[in-house]
Amino acid sequence: WALMLGACFIVSHMPGFTIAPMVNSDEATLNCAARNWEKRGTIAMPLFGGGQNNSWDEHYFWHPPAHMTAIYLGYRLFGYGIVVTRGIPLFFGALVVAQLALLVFRLGGTIKVAVFSALLLAGNGLFWWVNRSGRMDPESLCFGLLGVNVWLGQNTTNNAPPSWRRAALAGLSIGIASMFHVLGAIWGLSLVVADFAMRRKPAWVAWSVAGACGALPLISWLTWIFYHHLGQIWMMQFWEQAVLMRSAGDSWWLRPRAELRQFLGQNELVPFYVITLIVGAGAWCYLRRWRDPNQRFVLGGFLSSLLLVTFFMGKGTGAYPLYWFIWLVPVSAFGWSALLKVASPRRKKLSSAFVAVGLANPFVWQAITIGVAYYQYEGRNYSQVSEFIARNVPPGSNVCGRPEFWYAVESSGSVLRIWTKPDPFLHDFCIVNPDQTPPPGFSFVNKLPNRLRTIHGFYFSGINYAADLYVSKRIDLVRK
């Protein structure tokens, strides 16, 4: 039944899968190295490359290698394109939904509560987006949840810690989670806190075994890097660019407020959904569900992950709230389950109706989003971008432009550079917004018109494929 939930999750994402959202910068930057590996045989990041002494042209350590490897295998097996880039994270996202339902069931919830938990997670707008944007978060969440489920095993009524074999497998799974996303390491500490909260006594041997096995993937990665004398490049690309730049920068007392503001901002269009989550968590506390050891397990996981993300991770970037939200879901689901059990028949009906409204709220907005995408299909259809680039940019060109054009430029046999100043001596072509000042040293070639239809004056998208294409005057001179 859990796998059936995962299958339904995949089916629910099929409508508008390639047009909502439109191709974004994360989709390009997080999968460029995999494409380069598949196409050119080297693990590098040409999107950030170009110029002299640029390490991105030869190496890629911006993120751990697991996501890149998974996408590379997908490109090798199924070909390069939007469906494969988004399909692999969606597959792992379905496993996340299935595993969360299984976790809730193992911790004493009924199948109804488990399904309710799965629906609460599937309704989260951020989770919906990462599963359709080629990001690594679903993969990291998948292996993190796998580690938790392996740690608990089948029998959660036994107060004994897991065997060393289960502890080793759980730790290894969490270690793999951190190789998809560095924040996957949060599962390790959350699991220790959750286990201690459940058993109320330390399991030093099991924790140590899990920690040692969880460190193996990281140790293997670092060993390869320093063996090949690439430590300095790793420090620049990973430690400085991926870790330090994405850690929290506000003062300590401002970070909880910033985290709350970020969560509410991400869910401002689904107020009933947010209220449902809060009321469920409040009922969990009011009914003192922490007296149940299994309930303390999810509380320990939620509080520890919430504190770590709140105080150590940056705000307004990444999908970091998912790493504590995934623990909040079972807390809220268990709270609603307990509340409905003690409610009078009349209040039970009212509560059930409110839950139905709260649960429907995000799915209605998802349906509206897909409906808008189909209404704007002509402007969202990526084939127009591919045809425009294939018609105007010859293979082998060095293109400076926007990340949304990554698929089209790569498919045409050229290389795209982003977030850099157009240079007519380095770049053959340049792609800019239609309202942007023409770059010096370039000549106008062609225009990709704006085909995105508005609804009451709004695009309902921060991305538009409309662009102007320019060619370097040195190339234009040779042509003439």
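**Exercise 1.** Classify Lys-447 by its relative accessibility, then do likewise for its salt-bridge partner.

*Solution.* Lys-447 has 42% relative accessibility and therefore counts as partly exposed; buried means under 20% relative accessible area, exposed over 50%, and partly exposed in between, with a 1.4 Å probe and protein chains only. The partner is Asp-468, with 2.8 Å from N to O; a salt bridge requires a side-chain nitrogen of Lys or Arg within 4 Å of a carboxyl oxygen of Asp or Glu. Asp-468, at 4%, counts as buried. Lys-447 belongs to strand β4 and Asp-468 to strand β5, 21 residues apart; strands (E, at least two residues) and helices (H or I, at least four) are DSSP runs numbered from the N terminus.

The model is predicted: local features need pLDDT of at least 70, side-chain atom pairs count only at pLDDT 80 or more, and totals for chains, interfaces and linings use all residues. Residues are numbered from 1 along each chain as its sequence is written, and side-chain values use heavy atoms, with hydrogens and water left out.

**Exercise 2.** Describe the aromatic pair Phe-444 and Tyr-470.

*Solution.* The ring centres are 5.6 Å apart and the planes stand at 75°, an edge-to-face pair. Rings of Phe, Tyr and Trp (its six-membered ring) pair if their centres lie within 6.5 Å; planes under 30 degrees apart are stacked, over 60 edge-to-face, the rest tilted. Phe-444 lies in strand β4 and Tyr-470 in strand β5, 26 residues apart. Phe-444 is partly exposed at 47%, whereas Tyr-470 is buried at 7%.

**Exercise 3.** Which elements does the salt bridge between Glu-410 and Arg-35 tie together?

*Solution.* The two side chains meet at 3.2 Å, N to O. Glu-410 lies in helix α20 (residues 406-411) and Arg-35 in helix α3 (residues 32-40), so the bridge ties together parts 375 residues apart in sequence. Glu-410 is buried at 2%, and Arg-35 is buried at 9%.

**Exercise 4.** Over the face of which ring does Arg-35 lie?

*Solution.* Arg-35 lies over the face of Tyr-80, 3.9 Å from the ring centre; the rule asks for NZ of Lys or CZ of Arg within 6 Å of the ring centre and within 35 degrees of the ring normal. Ring pairs link Tyr-80 into a cluster with Tyr-75, Tyr-382, Trp-406, Tyr-407 and Tyr-465.
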